[in-house]
Amino acid sequence: MAISKSDSKKMQRLAREGKQISKIVAEDFPALDYSDVYIEVYSAGERSSRGIKRMITTRLNAMAASTSHSERRTMAKELNELVWHLYNNHKNNREKLAKIRAALGE
């Protein structure tokens, strides 16, 4: 199914804000399949916070089980990137909330 550019951007924004893909489908785009929304979100490089948390957990478990120093170093670099992604996402969301609160006069 063809997805408009505005719908694609909305999907990506919702995922960036931490909304699960299954909820995006159920609440915002019920006419679309899960796989269509998944592809739109991940083809743009966006990941949900929950997805990143799962990726971090998986990498930490693999790192603990690994005996190879080079594999552990590679996983540590990946973990660093994922953590920075979460941090920057949180920082951006905090700035957005501050602007919203200012606009509401709180």
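Confidence in this predicted model, given as pLDDT (the predictor's confidence in each residue, from 0 to 100), is lowest in helix H3, residues 34-43, at a mean of 82, and highest in helix H2, residues 21-28, at 92. The protein as a whole averages a pLDDT of 86, with 95% of the residues scoring at least 70. Helices here are DSSP runs (H or I, at least four residues) numbered from the N terminus. Because the model is predicted, local features need pLDDT of at least 70 and side-chain atom pairs count only at pLDDT 80 or more, whereas totals for chains, interfaces and linings use all residues. Residues are numbered from 1 along each chain as its sequence is written, and side-chain values use heavy atoms, with hydrogens and water left out.

Helix H1 (residues 5-16) packs with H3 at an angle of about 75°, their axes lying 9 Å apart. The two helices are therefore roughly perpendicular to each other (65 to 115 degrees). Their contact (heavy atoms within 4.5 Å) is made by Ser 8, Met 11, Gln 12 and Ala 15 on the H1 side and by Val 37, Glu 40 and Val 41 on the H3 side.

H3 also takes part in the lining of the largest pocket, where H2, H3 and helix H4 (49-65) each give two or more residues. The largest share, five residues, comes from H4. The lining holds 13 residues, and Tyr 34, Tyr 42, Ser 48, Gly 51 and Arg 54 are the ones nearest the centre of the pocket.

Note on methods: Axes are lines fitted to C-alpha atoms, for helices over the stretch in contact, and angles run from 0 to 180 degrees between N-to-C directions. Angles under 35 degrees count as roughly parallel, over 145 as roughly antiparallel, 65 to 115 as roughly perpendicular and the rest as oblique. On a 1 Å grid over the protein atoms alone, a cavity is a set of points where a 1.4 Å probe fits but cannot get out, and a pocket is an open set with protein on both sides within 12 Å along at least five of seven lines; lining residues have an atom within 4 Å of a point.
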